[in-house]
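Please open the structure in your viewer and keep a selection tool to hand. The tour below moves from one selection to the next and says what is found at each stop.

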Amino acid sequence: MKSPIEFKLYVITGENYHPGRNMLEVIESALRGGADIVQLRDKISSKRELVEKAKRLKDLTARYGVPLIVNDHPDVALAADADGVHLGQEDMPISVAREILGPKRIVGLSTHRIEQARAAEWEGADYIGVGPVFPTATKPGRQAVTTAYVSQAAADIRIPCVAIGGITENNADEVLKAGARRLCAVSAIVGHDDPEAVCRRLLEKIEAWNSKTPKFEEGLNRTGAPEIRVVINGRNERTQAATLLELAAQYKLESRNIVAELDGEVVPRRLWGETSVRGGCAVEFVHFVGGG
Amino acid sequence: MKTTVQDGWLIGGRKLKSRFFLGTGRFPSPTVFLSALEESGAEVITFAVRRINLDSYEDDGMLQHVAGRKLIFLPNTSGASNADEAVRIARLARAAGLGDWIKVEISADSRTLLPDPIETLRATERLAKEGFTVLPYASDDPMLCRRLEEAGAAAVMPGGAPIGTGLGILNPYHLGLIAEQSRVPIIVDAGLGSAVDAAQAMELGADGILANTPVANAVDPVAMARAMRLAIEAGRLSRLAGRIPKKRYASASSEPEGRLFATEVREATT
């Protein structure tokens, strides 16, 4: 069973920001500093090179127990046994990536406005990028969304949101104040002489804000478990259930003579306990009634 | 062929005695249904697959009422408007663990509820491949019924008239042809109104009938269940007995020889 992904500091590769230094060394420095999720982002290399880089990065991140996400390419992610992919709005739909990667891998999505964030949550993204908060050289030409969108996402979206785009040590507090719980940086980390030290300082800021403000999720839910939106028997419902069995129990159905279907596939009762429900999934609970 | 109403028959390898399939919908109460079931002698009963009412914790399912009885369950795919939906419903029904029989019922028209022949054929083909015992509810079209048989149907269930209309058998000629040509059992399903229609279906050569509304909505459903059972037996026996051919004009059944008041015209003139 897959539990919701949790992280605080997301680092993305950007080899153009550290000419002359080895990418693996730079990322390892960030990992030592506490970066707890890594994305391989490389729009220049060939697929062959990408697979190689991803494999080497995977070896590295695995040693630190940190997930590796591959930008854009589910096939590369699979080839390197990476933990997931990150997609943009113009990339393949989440459902397609999910089909390729299976239910256990992570699928993240860049979003630039709240409608996209809601759609991503609905379609079953594991996390979303919220940004670019500030203008950034990594995404030239894209208008900054400002911290207003960060606040909006923090208030409205249940899956993990990570603020991204032009975030540095200097403006991190501003982003965290707007409601961000997780930060992502590219140039501010990998472009720095000492990525480890930058990561430490960014994490300190994140921790400080996280302890200052109660988590939004906890404000809403007694247990603090993340709440997801699911469609049950054609009805939009919110639930904190992590498995099909928990979901059935929520409606007092667990001991009744019923059959369950998740996203169009029958799930035998003995598997309910190990079948996870994810945001945006469609569940049918049915039984036999009189009929001709 | 034994001229007895107790002759057994087979569907998908299962031996049946009763030729009456009883629907379970629209009965005034579970008790009335159970009494009607008793009187009908039915061994096969049909169900629909529906969403649980999430707001009600009461078990309104049908199964609890028939638990422990030796019956064959024939869930239907009503509510499906295409083959994909029917296949989904069939899989859900099979997951209930009560056997692999499925009545394919695909309606694309809400006014007539007439079965969609193309989608019905598609669903039959797919479900037969998946190992279901498939009984498609179909239009009373001889060619379609043949195609369904070729697609792997264990029995074919042509309708007498649209579901719930009680109009009886609208096209006895077609039903007769279907029964004549078919190598799998033919069960006349839908549209029957009362016992007379059941008898007619059996006389036309059907192997059985499926009825729900004419029993459930009769003034006395229990009595109607018995009437239909007797009619099915009567119709079956009549079919086996072999009916006389129809003639345009009368032919006296009493011997003409020796009748009173006959004028011996020939003798008188000679």
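## Where the two chains meet

Begin with both chains displayed, and select the residues at their boundary: 24 residues of chain A are in contact with 33 residues of chain B. Bear in mind throughout that this is a predicted model. The size of an interface is often given as the accessible area lost when the parts come together. For chain A and chain B, that buried area is about 2,600 Å², with 60% of it on carbon and sulfur atoms. Next pick out A:Arg256, A:Phe288 and A:Gly292, which supply 29% of the area that chain A buries against chain B, more than any other three residues.

Now turn to the polar side of this interface, where the rule finds 13 residue pairs in polar contact, both partners being at pLDDT 80 or more. Salt bridges also cross between chain A and chain B, and the rule finds three of them. To look at one of these, select A:Glu284 together with B:Arg51, whose closest N and O atoms lie 2.7 Å apart in a salt bridge. With that pair still on screen, colour strand S11 (259–262) and strand S13 (282–290) of chain A, each of which supplies at least two residues of the side of chain A that touches chain B. The largest share of that side, seven residues, comes from S13(A).

Is A:Glu237 buried or exposed? A:Glu237 counts as buried because its relative accessibility is 16%, below the 20% cut-off for that class. Showing its surroundings, and leaving aside neighbours within four places in sequence, you will find A:Glu237 in contact with A:Ile228, A:Arg229, A:Val230, A:Ile232 and A:Tyr251. Of these contacts, the one with A:Tyr251 includes a polar contact between the two side chains, at 2.4 Å.

For the last stop, select A:Leu78, A:Val96 and A:Ile100, which together make a nonpolar surface patch of about 210 Å². Within this selection, A:Leu78 belongs to helix H3 of chain A, which covers residues 74–79. The relative accessible area of A:Leu78 is 36%, and the residue is therefore classed as partly exposed.

Methods. Residues numbered from 1 in each chain as written. Chains lettered and ligands numbered in written order. Predicted model: local features only at pLDDT ≥ 70, side-chain atom pairs only at ≥ 80, totals over all residues. Heavy atoms only, no water. Patch = residues over 30% accessible without salt bridge, like charges linked within 9 Å, V, L, I, M, F, W, Y side chains within 5 Å. Areas by Shrake-Rupley, 256 points an atom, 1.4 Å probe, with all protein chains shown as cover. Salt bridge = Lys/Arg side-chain N within 4 Å of Asp/Glu carboxyl O. Helix = DSSP H or I, 4+ residues; strand = E, 2+ residues; numbered from the N terminus. Buried < 20%, exposed > 50% of the residue type's maximum accessible area, 1.4 Å probe, protein only. Contact = heavy atoms within 4.5 Å. Buried area = accessible area lost by both parts, 1.4 Å probe. Polar contact = N/O pair within 3.5 Å; in protein donor to acceptor, adjacent residues only side chain to side chain.
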